[in-house]
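Welcome! Please take a moment to look over the sequence and the model before reading on.

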Amino acid sequence: MKNRYIKIFCVAIVSAMTLASCDKGFEEMNKNPNALTDPAVKSMFTLAEIYVDGQDFSNTRGNNIYAAQIVQQFSSPGGAGSKYTYSSEYSAALFGETYGKGLNQIFQLLSVLDNTPENSNMIQACRIMKVFLFQKLTDTYGEVPYFDAGKGYNGNVFSPKYDTQEAIYNDLLKELDEAGTALDAAKPFVGNADLYYQSDVARWKKLANSLMLRVAMRLSKVNPAKAKEFVEKAYSKGVFTSNDDSLVLKHDAGPAGVKTNPITSAWVRNDLNGGESNIKFSKTFIDLLKNTNDPRLRIYAKLEATGDNNPANQQGLANDAKEFPGGDRKVFSDPNTSTVLRLDAPTLIMSYAEVQFILAEASVKGWSVGGSAQTYYENGVRAAMNVLTIFGDKVPAVTPAEYNTYITTYPFKSAGTEAEKIEQIITQKWIVLLFNGFEAFSEYRRTGYPVLVPVNDATGETQGTIPRRLIYDQSELITNEANYKEAIQRQGLDLMTTRIWWDK
(Lines give C-alpha, C1' and ligand atoms only; values in the text may rest on other atoms or scores of the structure.)
Protein backbone atom coordinates (compact mmCIF):
# COMPACT_ATOMS: atom_id res chain seq x y z
CA MET A 1 0.00 0.00 0.00
CA LYS A 2 1.40 3.32 -1.01
CA ASN A 3 2.41 5.78 1.69
CA ARG A 4 -0.19 8.34 0.61
CA TYR A 5 -2.96 5.80 1.05
CA ILE A 6 -1.67 4.84 4.46
CA LYS A 7 -1.89 8.53 5.28
CA ILE A 8 -5.53 8.63 4.21
CA PHE A 9 -6.30 5.68 6.46
CA CYS A 10 -4.51 7.29 9.37
CA VAL A 11 -6.40 10.49 8.77
CA ALA A 12 -9.69 8.67 8.98
CA ILE A 13 -8.75 7.42 12.43
CA VAL A 14 -7.43 10.79 13.57
CA SER A 15 -10.50 12.58 12.30
CA ALA A 16 -12.79 10.23 14.17
CA MET A 17 -11.03 11.15 17.38
CA THR A 18 -10.53 14.87 16.85
CA LEU A 19 -13.31 16.17 14.67
CA ALA A 20 -16.94 16.89 15.30
CA SER A 21 -17.78 17.61 11.69
CA CYS A 22 -20.99 16.50 10.00
CA ASP A 23 -22.94 17.09 6.85
CA LYS A 24 -24.99 19.98 8.19
CA GLY A 25 -24.29 23.60 8.87
CA PHE A 26 -22.53 26.07 11.07
CA GLU A 27 -23.51 24.70 14.44
CA GLU A 28 -21.08 21.83 13.88
CA MET A 29 -18.37 23.92 12.26
CA ASN A 30 -18.39 26.33 15.16
CA LYS A 31 -18.07 23.82 17.98
CA ASN A 32 -14.60 24.21 19.35
CA PRO A 33 -13.02 20.79 19.93
CA ASN A 34 -9.59 22.25 20.60
CA ALA A 35 -8.96 20.65 23.90
CA LEU A 36 -6.18 19.01 21.90
CA THR A 37 -2.80 19.22 23.58
CA ASP A 38 -0.86 17.76 20.68
CA PRO A 39 -2.87 18.07 17.45
CA ALA A 40 -1.74 15.85 14.56
CA VAL A 41 -1.49 18.79 12.18
CA LYS A 42 -0.06 16.85 9.24
CA SER A 43 -2.91 14.35 9.34
CA MET A 44 -5.38 17.22 9.72
CA PHE A 45 -3.83 18.82 6.62
CA THR A 46 -4.23 15.58 4.64
CA LEU A 47 -7.88 15.35 5.57
CA ALA A 48 -8.42 18.96 4.50
CA GLU A 49 -7.05 18.08 1.06
CA ILE A 50 -9.45 15.13 0.81
CA TYR A 51 -12.38 17.33 1.80
CA VAL A 52 -11.58 19.87 -0.93
CA ASP A 53 -12.54 17.07 -3.32
CA GLY A 54 -15.86 16.69 -1.51
CA GLN A 55 -17.38 13.54 -0.08
CA ASP A 56 -19.91 11.01 -1.39
CA PHE A 57 -22.80 13.01 0.08
CA SER A 58 -22.33 16.27 -1.85
CA ASN A 59 -20.85 14.69 -4.97
CA THR A 60 -23.74 12.28 -5.42
CA ARG A 61 -26.49 14.77 -4.65
CA GLY A 62 -25.16 18.17 -5.66
CA ASN A 63 -22.74 17.20 -8.42
CA ASN A 64 -23.99 14.03 -10.16
CA ILE A 65 -27.73 14.58 -9.69
CA TYR A 66 -27.99 18.37 -9.83
CA ALA A 67 -25.17 20.33 -11.46
CA ALA A 68 -23.95 17.77 -14.01
CA GLN A 69 -27.52 17.08 -15.15
CA ILE A 70 -28.43 20.77 -15.35
CA VAL A 71 -25.55 21.25 -17.81
CA GLN A 72 -26.50 18.02 -19.61
CA GLN A 73 -23.39 15.98 -19.09
CA PHE A 74 -25.64 13.33 -17.52
CA SER A 75 -29.36 12.62 -17.52
CA SER A 76 -31.93 10.73 -15.51
CA PRO A 77 -35.69 10.28 -16.04
CA GLY A 78 -36.36 11.36 -12.47
CA GLY A 79 -33.29 13.49 -11.99
CA ALA A 80 -33.72 16.76 -10.10
CA GLY A 81 -31.07 18.34 -12.31
CA SER A 82 -32.51 17.07 -15.57
CA LYS A 83 -36.02 18.32 -14.80
CA TYR A 84 -35.13 21.35 -12.60
CA THR A 85 -37.11 19.98 -9.68
CA TYR A 86 -36.39 20.92 -6.07
CA SER A 87 -35.05 18.48 -3.52
CA SER A 88 -34.12 20.08 -0.21
CA GLU A 89 -31.64 17.30 0.58
CA TYR A 90 -29.90 17.41 -2.79
CA SER A 91 -29.88 21.17 -3.10
CA ALA A 92 -28.47 21.67 0.41
CA ALA A 93 -25.84 18.93 0.19
CA LEU A 94 -22.91 21.10 -0.89
CA PHE A 95 -23.78 23.85 1.59
CA GLY A 96 -23.99 21.56 4.62
CA GLU A 97 -21.06 19.34 3.76
CA THR A 98 -18.68 22.16 2.85
CA TYR A 99 -19.27 24.10 6.05
CA GLY A 100 -19.61 20.99 8.20
CA LYS A 101 -16.57 19.15 6.85
CA GLY A 102 -14.23 20.93 4.43
CA LEU A 103 -14.19 24.42 5.91
CA ASN A 104 -14.59 23.04 9.41
CA GLN A 105 -11.42 21.03 8.94
CA ILE A 106 -9.44 23.96 7.55
CA PHE A 107 -10.59 26.41 10.22
CA GLN A 108 -9.85 23.90 12.95
CA LEU A 109 -6.36 23.33 11.56
CA LEU A 110 -5.69 27.05 11.30
CA SER A 111 -6.87 27.52 14.88
CA VAL A 112 -4.10 25.26 16.21
CA LEU A 113 -1.30 26.45 13.91
CA ASP A 114 0.95 29.15 15.31
CA ASN A 115 1.88 31.76 12.74
CA THR A 116 5.55 30.79 12.61
CA PRO A 117 7.96 30.23 9.72
CA GLU A 118 7.71 26.48 10.36
CA ASN A 119 3.97 26.57 9.72
CA SER A 120 3.92 29.22 7.01
CA ASN A 121 3.63 26.92 3.99
CA MET A 122 0.87 24.90 5.64
CA ILE A 123 -1.04 28.11 6.38
CA GLN A 124 -0.68 29.35 2.81
CA ALA A 125 -1.86 26.01 1.44
CA CYS A 126 -4.91 26.19 3.72
CA ARG A 127 -5.70 29.64 2.34
CA ILE A 128 -5.60 28.22 -1.20
CA MET A 129 -7.84 25.29 -0.27
CA LYS A 130 -10.30 27.70 1.36
CA VAL A 131 -10.59 29.48 -1.99
CA PHE A 132 -11.50 26.23 -3.75
CA LEU A 133 -14.27 25.57 -1.26
CA PHE A 134 -15.63 29.10 -0.94
CA GLN A 135 -15.69 29.72 -4.68
CA LYS A 136 -17.70 26.55 -5.24
CA LEU A 137 -20.10 27.57 -2.46
CA THR A 138 -20.67 31.14 -3.59
CA ASP A 139 -20.94 30.16 -7.25
CA THR A 140 -23.58 27.57 -6.41
CA TYR A 141 -25.72 29.63 -4.02
CA GLY A 142 -24.71 33.28 -4.33
CA GLU A 143 -24.17 35.15 -1.08
CA VAL A 144 -22.84 32.89 1.69
CA PRO A 145 -21.25 33.39 5.11
CA TYR A 146 -17.60 34.15 4.43
CA PHE A 147 -15.85 36.61 6.72
CA ASP A 148 -17.65 35.35 9.84
CA ALA A 149 -17.38 31.67 8.88
CA GLY A 150 -15.21 29.73 11.31
CA LYS A 151 -15.23 32.43 13.98
CA GLY A 152 -16.70 29.98 16.43
CA TYR A 153 -13.13 28.88 17.05
CA ASN A 154 -11.81 32.25 18.13
CA GLY A 155 -14.63 34.79 18.13
CA ASN A 156 -17.73 33.00 19.43
CA VAL A 157 -19.70 33.85 16.28
CA PHE A 158 -22.32 31.16 15.88
CA SER A 159 -24.71 32.96 13.52
CA PRO A 160 -22.42 34.21 10.76
CA LYS A 161 -23.49 36.98 8.43
CA TYR A 162 -23.81 36.35 4.70
CA ASP A 163 -21.48 38.41 2.53
CA THR A 164 -22.00 39.78 -0.95
CA GLN A 165 -20.40 37.89 -3.80
CA GLU A 166 -18.48 40.99 -4.78
CA ALA A 167 -16.85 41.19 -1.35
CA ILE A 168 -16.15 37.45 -1.37
CA TYR A 169 -14.58 37.52 -4.81
CA ASN A 170 -12.38 40.48 -3.93
CA ASP A 171 -11.05 38.54 -0.96
CA LEU A 172 -10.61 35.28 -2.87
CA LEU A 173 -8.31 37.06 -5.31
CA LYS A 174 -6.41 38.73 -2.47
CA GLU A 175 -5.98 35.42 -0.67
CA LEU A 176 -4.60 33.65 -3.74
CA ASP A 177 -2.25 36.51 -4.57
CA GLU A 178 -0.86 36.72 -1.04
CA ALA A 179 -0.73 32.98 -0.35
CA GLY A 180 0.98 32.16 -3.64
CA THR A 181 3.61 34.81 -3.03
CA ALA A 182 4.18 33.75 0.60
CA LEU A 183 4.82 30.08 -0.23
CA ASP A 184 8.54 29.53 0.32
CA ALA A 185 10.56 26.47 -0.71
CA ALA A 186 13.15 27.31 1.96
CA LYS A 187 10.61 26.71 4.73
CA PRO A 188 9.27 23.38 6.02
CA PHE A 189 6.09 21.87 4.65
CA VAL A 190 4.34 18.57 5.44
CA GLY A 191 6.29 16.04 3.38
CA ASN A 192 4.23 13.14 2.02
CA ALA A 193 1.24 14.26 4.09
CA ASP A 194 0.60 16.52 1.10
CA LEU A 195 -1.38 14.26 -1.23
CA TYR A 196 -1.48 16.90 -3.95
CA TYR A 197 2.16 17.71 -4.70
CA GLN A 198 4.20 15.99 -1.97
CA SER A 199 5.19 19.41 -0.60
CA ASP A 200 6.58 20.71 -3.91
CA VAL A 201 6.22 24.45 -3.26
CA ALA A 202 6.80 25.44 -6.90
CA ARG A 203 3.77 23.40 -7.98
CA TRP A 204 1.67 24.84 -5.16
CA LYS A 205 2.54 28.31 -6.44
CA LYS A 206 1.36 27.30 -9.90
CA LEU A 207 -1.83 25.98 -8.34
CA ALA A 208 -2.50 29.29 -6.57
CA ASN A 209 -1.98 31.23 -9.80
CA SER A 210 -4.01 28.80 -11.92
CA LEU A 211 -6.88 29.00 -9.47
CA MET A 212 -6.55 32.79 -9.64
CA LEU A 213 -7.18 32.48 -13.39
CA ARG A 214 -10.40 30.58 -12.73
CA VAL A 215 -11.59 33.02 -10.06
CA ALA A 216 -10.71 36.10 -12.12
CA MET A 217 -12.32 34.89 -15.34
CA ARG A 218 -15.60 34.39 -13.50
CA LEU A 219 -15.79 38.21 -13.31
CA SER A 220 -15.48 38.66 -17.07
CA LYS A 221 -18.96 40.15 -17.47
CA VAL A 222 -19.67 41.75 -14.13
CA ASN A 223 -16.24 43.41 -13.77
CA PRO A 224 -14.16 42.90 -16.93
CA ALA A 225 -11.45 45.34 -15.82
CA LYS A 226 -10.78 43.39 -12.62
CA ALA A 227 -11.00 40.10 -14.48
CA LYS A 228 -8.37 41.29 -16.94
CA GLU A 229 -6.12 42.62 -14.17
CA PHE A 230 -6.02 39.36 -12.24
CA VAL A 231 -5.92 37.04 -15.26
CA GLU A 232 -2.85 38.92 -16.46
CA LYS A 233 -1.36 38.91 -12.96
CA ALA A 234 -1.91 35.15 -12.58
CA TYR A 235 -0.32 34.49 -15.95
CA SER A 236 2.70 36.65 -15.14
CA LYS A 237 3.21 34.90 -11.78
CA GLY A 238 3.23 31.47 -13.43
CA VAL A 239 0.42 28.95 -14.03
CA PHE A 240 0.27 25.25 -14.96
CA THR A 241 2.61 24.48 -17.84
CA SER A 242 1.85 20.79 -18.48
CA ASN A 243 -0.41 17.94 -17.43
CA ASP A 244 2.15 17.12 -14.72
CA ASP A 245 0.99 20.27 -12.91
CA SER A 246 -2.70 19.32 -12.94
CA LEU A 247 -4.23 18.84 -9.51
CA VAL A 248 -5.03 15.14 -9.32
CA LEU A 249 -6.10 13.35 -6.15
CA LYS A 250 -5.49 9.62 -6.22
CA HIS A 251 -7.82 7.09 -4.62
CA ASP A 252 -7.91 3.38 -3.80
CA ALA A 253 -10.59 0.77 -4.36
CA GLY A 254 -11.52 0.48 -0.70
CA PRO A 255 -12.63 0.75 1.96
CA ALA A 256 -15.66 2.69 0.79
CA GLY A 257 -15.89 6.21 2.14
CA VAL A 258 -12.26 6.30 3.24
CA LYS A 259 -10.15 5.94 0.13
CA THR A 260 -12.58 5.52 -2.77
CA ASN A 261 -13.38 8.22 -5.31
CA PRO A 262 -16.25 10.28 -3.83
CA ILE A 263 -17.75 11.04 -7.25
CA THR A 264 -17.84 7.47 -8.48
CA SER A 265 -18.09 5.25 -5.41
CA ALA A 266 -21.76 5.74 -4.53
CA TRP A 267 -22.62 5.46 -8.22
CA VAL A 268 -20.85 2.12 -8.58
CA ARG A 269 -21.92 0.68 -5.22
CA ASN A 270 -25.57 1.65 -5.23
CA ASP A 271 -26.72 2.52 -8.71
CA LEU A 272 -24.67 1.02 -11.55
CA ASN A 273 -25.95 -2.53 -11.14
CA GLY A 274 -24.91 -4.10 -14.44
CA GLY A 275 -26.21 -1.34 -16.64
CA GLU A 276 -29.40 -0.72 -14.65
CA SER A 277 -28.27 2.70 -13.45
CA ASN A 278 -30.85 5.47 -13.41
CA ILE A 279 -28.19 8.05 -14.32
CA LYS A 280 -26.78 7.83 -17.84
CA PHE A 281 -24.68 9.98 -20.12
CA SER A 282 -26.87 12.64 -21.67
CA LYS A 283 -27.77 12.67 -25.32
CA THR A 284 -26.19 16.15 -25.50
CA PHE A 285 -22.80 14.83 -24.37
CA ILE A 286 -22.75 11.58 -26.35
CA ASP A 287 -24.03 13.18 -29.56
CA LEU A 288 -21.39 15.90 -29.46
CA LEU A 289 -18.56 13.41 -29.12
CA LYS A 290 -20.03 10.93 -31.63
CA ASN A 291 -20.75 13.56 -34.27
CA THR A 292 -17.17 14.85 -34.11
CA ASN A 293 -15.53 11.40 -33.94
CA ASP A 294 -13.97 12.47 -30.66
CA PRO A 295 -11.45 9.77 -29.65
CA ARG A 296 -12.21 10.38 -25.97
CA LEU A 297 -15.59 8.71 -26.26
CA ARG A 298 -14.18 5.18 -25.97
CA ILE A 299 -12.46 6.21 -22.73
CA TYR A 300 -15.41 8.02 -21.19
CA ALA A 301 -18.32 5.72 -22.05
CA LYS A 302 -19.43 2.13 -22.40
CA LEU A 303 -22.56 0.02 -22.19
CA GLU A 304 -22.03 -1.49 -18.77
CA ALA A 305 -24.26 -4.50 -19.36
CA THR A 306 -22.10 -5.77 -22.23
CA GLY A 307 -18.80 -3.94 -21.69
CA ASP A 308 -19.08 -2.40 -25.16
CA ASN A 309 -17.15 0.86 -25.46
CA ASN A 310 -17.35 1.10 -29.25
CA PRO A 311 -18.15 4.79 -29.91
CA ALA A 312 -20.58 3.86 -32.68
CA ASN A 313 -22.77 1.99 -30.20
CA GLN A 314 -22.96 4.65 -27.49
CA GLN A 315 -26.34 6.26 -26.88
CA GLY A 316 -27.17 9.14 -24.57
CA LEU A 317 -30.43 9.72 -22.73
CA ALA A 318 -32.33 12.92 -23.51
CA ASN A 319 -32.63 15.22 -20.50
CA ASP A 320 -36.36 15.61 -21.04
CA ALA A 321 -36.93 11.83 -21.03
CA LYS A 322 -39.63 10.81 -18.56
CA GLU A 323 -38.68 7.15 -18.84
CA PHE A 324 -36.17 5.02 -20.69
CA PRO A 325 -37.37 4.71 -24.30
CA GLY A 326 -38.21 1.08 -24.93
CA GLY A 327 -37.92 0.39 -21.21
CA ASP A 328 -34.35 -0.89 -21.48
CA ARG A 329 -31.79 1.07 -19.48
CA LYS A 330 -28.96 -1.14 -20.65
CA VAL A 331 -28.84 0.31 -24.16
CA PHE A 332 -27.87 3.76 -22.82
CA SER A 333 -24.27 4.69 -22.13
CA ASP A 334 -22.73 4.58 -18.68
CA PRO A 335 -19.47 6.13 -17.56
CA ASN A 336 -16.75 3.58 -18.23
CA THR A 337 -16.03 1.48 -15.14
CA SER A 338 -12.69 0.47 -16.63
CA THR A 339 -11.55 4.09 -16.63
CA VAL A 340 -13.39 7.15 -15.29
CA LEU A 341 -15.88 5.34 -13.05
CA ARG A 342 -13.48 2.98 -11.32
CA LEU A 343 -13.80 3.05 -7.54
CA ASP A 344 -10.13 4.03 -7.44
CA ALA A 345 -10.34 6.48 -10.34
CA PRO A 346 -8.34 9.62 -9.55
CA THR A 347 -10.14 12.94 -9.29
CA LEU A 348 -9.07 15.67 -11.71
CA ILE A 349 -9.68 18.68 -9.45
CA MET A 350 -8.10 21.24 -11.76
CA SER A 351 -6.37 20.53 -15.05
CA TYR A 352 -3.73 22.08 -17.24
CA ALA A 353 -6.27 21.83 -20.07
CA GLU A 354 -8.68 24.10 -18.17
CA VAL A 355 -5.89 26.64 -17.70
CA GLN A 356 -5.14 26.60 -21.42
CA PHE A 357 -8.81 27.22 -22.24
CA ILE A 358 -8.94 30.16 -19.81
CA LEU A 359 -5.87 31.64 -21.47
CA ALA A 360 -7.42 31.03 -24.91
CA GLU A 361 -10.49 33.00 -23.87
CA ALA A 362 -8.32 35.75 -22.40
CA SER A 363 -6.42 35.98 -25.67
CA VAL A 364 -9.69 36.24 -27.63
CA LYS A 365 -10.56 39.20 -25.42
CA GLY A 366 -7.23 40.85 -26.22
CA TRP A 367 -5.73 40.47 -22.76
CA SER A 368 -1.95 40.14 -22.33
CA VAL A 369 -1.34 36.45 -21.70
CA GLY A 370 1.61 35.82 -23.97
CA GLY A 371 0.12 33.66 -26.70
CA SER A 372 -2.54 33.29 -29.37
CA ALA A 373 -6.01 31.97 -28.74
CA GLN A 374 -5.48 29.28 -31.36
CA THR A 375 -2.31 27.99 -29.73
CA TYR A 376 -3.88 27.90 -26.28
CA TYR A 377 -7.00 26.22 -27.67
CA GLU A 378 -5.00 23.53 -29.45
CA ASN A 379 -2.83 22.98 -26.37
CA GLY A 380 -5.99 22.65 -24.29
CA VAL A 381 -7.61 20.06 -26.54
CA ARG A 382 -4.38 18.05 -26.70
CA ALA A 383 -3.95 18.21 -22.92
CA ALA A 384 -7.59 17.24 -22.34
CA MET A 385 -7.09 14.13 -24.45
CA ASN A 386 -3.70 13.21 -23.00
CA VAL A 387 -4.69 13.69 -19.35
CA LEU A 388 -7.08 10.76 -19.64
CA THR A 389 -4.07 8.47 -19.20
CA ILE A 390 -4.50 9.06 -15.45
CA PHE A 391 -7.44 6.64 -15.68
CA GLY A 392 -5.21 3.70 -16.60
CA ASP A 393 -4.39 1.62 -19.66
CA LYS A 394 -7.36 -0.73 -19.96
CA VAL A 395 -8.65 1.43 -22.81
CA PRO A 396 -6.19 2.67 -25.47
CA ALA A 397 -5.06 6.23 -24.95
CA VAL A 398 -5.69 8.94 -27.53
CA THR A 399 -2.86 8.83 -30.04
CA PRO A 400 -1.07 11.83 -31.57
CA ALA A 401 -2.52 10.84 -34.95
CA GLU A 402 -6.05 10.87 -33.54
CA TYR A 403 -5.49 14.30 -32.02
CA ASN A 404 -4.09 15.61 -35.30
CA THR A 405 -7.08 14.29 -37.24
CA TYR A 406 -9.50 15.82 -34.74
CA ILE A 407 -7.89 19.26 -34.60
CA THR A 408 -7.51 19.34 -38.41
CA THR A 409 -11.13 18.36 -38.97
CA TYR A 410 -12.42 20.77 -36.31
CA PRO A 411 -9.87 23.59 -36.22
CA PHE A 412 -10.05 26.68 -34.07
CA LYS A 413 -12.31 29.29 -35.65
CA SER A 414 -9.61 31.90 -35.97
CA ALA A 415 -11.64 33.86 -38.52
CA GLY A 416 -14.85 33.63 -36.50
CA THR A 417 -16.52 36.18 -34.28
CA GLU A 418 -15.53 36.57 -30.64
CA ALA A 419 -18.73 34.76 -29.63
CA GLU A 420 -17.99 31.84 -31.98
CA LYS A 421 -14.47 31.49 -30.62
CA ILE A 422 -15.58 31.57 -27.01
CA GLU A 423 -18.34 29.05 -27.70
CA GLN A 424 -15.76 26.68 -29.17
CA ILE A 425 -13.41 27.16 -26.19
CA ILE A 426 -16.08 26.73 -23.52
CA THR A 427 -17.57 23.67 -25.23
CA GLN A 428 -14.17 22.00 -25.01
CA LYS A 429 -13.87 23.09 -21.39
CA TRP A 430 -17.31 21.53 -20.74
CA ILE A 431 -15.97 18.20 -21.99
CA VAL A 432 -12.87 18.23 -19.81
CA LEU A 433 -14.96 19.29 -16.80
CA LEU A 434 -16.84 15.98 -16.89
CA PHE A 435 -17.43 14.90 -13.26
CA ASN A 436 -16.88 18.50 -12.13
CA GLY A 437 -20.48 19.50 -12.63
CA PHE A 438 -20.32 22.46 -10.26
CA GLU A 439 -17.61 24.15 -12.32
CA ALA A 440 -19.31 23.30 -15.61
CA PHE A 441 -22.56 24.79 -14.22
CA SER A 442 -20.75 28.00 -13.29
CA GLU A 443 -19.10 28.31 -16.69
CA TYR A 444 -22.41 27.71 -18.46
CA ARG A 445 -24.06 30.52 -16.50
CA ARG A 446 -21.13 32.86 -17.14
CA THR A 447 -20.94 32.27 -20.88
CA GLY A 448 -24.14 30.58 -22.06
CA TYR A 449 -22.10 27.75 -23.57
CA PRO A 450 -22.38 25.06 -24.61
CA VAL A 451 -25.77 25.80 -26.12
CA LEU A 452 -28.33 23.69 -24.24
CA VAL A 453 -31.99 23.07 -24.98
CA PRO A 454 -33.97 23.78 -21.77
CA VAL A 455 -36.27 21.14 -20.33
CA ASN A 456 -39.82 22.24 -19.55
CA ASP A 457 -41.15 19.50 -17.31
CA ALA A 458 -44.35 19.80 -15.31
CA THR A 459 -42.48 18.80 -12.15
CA GLY A 460 -39.88 21.53 -12.56
CA GLU A 461 -39.55 24.68 -10.49
CA THR A 462 -38.46 27.04 -13.27
CA GLN A 463 -41.11 26.81 -16.04
CA GLY A 464 -38.49 25.64 -18.51
CA THR A 465 -35.73 28.08 -17.57
CA ILE A 466 -32.31 26.53 -16.98
CA PRO A 467 -31.51 27.10 -13.28
CA ARG A 468 -29.15 29.88 -12.25
CA ARG A 469 -28.34 28.63 -8.74
CA LEU A 470 -29.29 26.07 -6.10
CA ILE A 471 -31.46 26.79 -3.07
CA TYR A 472 -29.85 27.26 0.34
CA ASP A 473 -29.85 24.69 3.12
CA GLN A 474 -33.24 25.39 4.68
CA SER A 475 -31.94 24.61 8.16
CA GLU A 476 -30.56 28.14 7.95
CA LEU A 477 -34.13 29.36 8.59
CA ILE A 478 -33.84 27.78 12.02
CA THR A 479 -30.19 28.30 12.94
CA ASN A 480 -29.34 31.56 11.15
CA GLU A 481 -32.68 33.11 10.20
CA ALA A 482 -31.91 36.83 10.39
CA ASN A 483 -28.75 36.61 8.31
CA TYR A 484 -30.40 34.30 5.77
CA LYS A 485 -33.28 36.73 5.31
CA GLU A 486 -30.91 39.68 4.96
CA ALA A 487 -29.06 37.84 2.20
CA ILE A 488 -32.13 37.03 0.12
CA GLN A 489 -33.39 40.59 0.56
CA ARG A 490 -30.18 41.79 -1.13
CA GLN A 491 -29.75 39.01 -3.65
CA GLY A 492 -33.31 38.06 -4.51
CA LEU A 493 -35.69 35.28 -3.60
CA ASP A 494 -34.24 31.91 -2.67
CA LEU A 495 -35.22 30.36 -6.00
CA MET A 496 -33.42 28.35 -8.65
CA THR A 497 -34.07 31.15 -11.17
CA THR A 498 -32.51 33.99 -9.14
CA ARG A 499 -29.31 35.19 -10.78
CA ILE A 500 -26.24 35.62 -8.61
CA TRP A 501 -24.00 38.68 -8.77
CA TRP A 502 -21.59 37.70 -11.55
CA ASP A 503 -24.27 35.99 -13.67
CA LYS A 504 -25.09 38.82 -16.05
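Predicted model: local features only at pLDDT ≥ 70, side-chain atom pairs only at ≥ 80, totals over all residues.

## The chain as a whole

The protein chain holds 20 helices and 8 strands. Its radius of gyration is 22 Å, close to the 23 Å that the globule rule gives for 504 residues, so the chain is as compact as a globular protein of that length. Along the principal axes, the C-alpha atoms fill a box of roughly 60 × 50 × 50 Å.

Contacts across the sequence are worth a look too.

Of the 504 residues, 59% count as buried. The chain exposes about 18300 Å², and carbon and sulfur atoms supply 50% of that area.

As for charge, there are 53 positive and 57 negative side chains. The centres of these two sets lie 2 Å apart.

## Aromatic rings

A pair of aromatic rings is described by the distance of the centres and the angle of the planes. The count of aromatic pairs in this model comes to 26. Phe45 is buried, with a relative accessible area of 0%. Phe189 has 14% relative accessibility and counts as buried because the cut-off is under 20%.

Phe74 and Trp267 form another edge-to-face pair, at 5.1 Å centre to centre with 75 degrees between the planes. Here strand E1 (residues 74-75) supplies Phe74 and helix H11 (residues 265-272) supplies Trp267, so the pair ties together parts that are 193 residues apart in sequence. Both of these residues, Phe74 and Trp267, are buried. There is also an aromatic cluster, whose members include Phe95, Tyr99, Phe134 and Tyr484.

## A stop at Pro454

Where does Pro454 lie? Its place is the loop between helix H18 (437-447) and helix H19 (476-479). With 42% relative accessibility, Pro454 counts as partly exposed.

Leaving aside residues up to four places away in sequence, Pro454 touches Tyr84, Gly464 and Ile466. Gly464 is 10 residues from Pro454 along the chain, and their C-alpha atoms are separated by 5.9 Å.

Methods
Residues numbered from 1 in each chain as written. Heavy atoms only, no water. Helix = DSSP H or I, 4+ residues; strand = E, 2+ residues; numbered from the N terminus. Rg over C-alpha atoms; globule rule 2.2 N^0.38 Å. Buried < 20%, exposed > 50% of the residue type's maximum accessible area, 1.4 Å probe, protein only. Areas by Shrake-Rupley, 256 points an atom, 1.4 Å probe, with all protein chains shown as cover. Lys, Arg positive; Asp, Glu negative; His and termini not counted. Charge placed at Lys NZ, Arg CZ, Asp CG, Glu CD. Contact = heavy atoms within 4.5 Å. Phe/Tyr/Trp six-rings, centres within 6.5 Å; stacked < 30°, edge-to-face > 60°.
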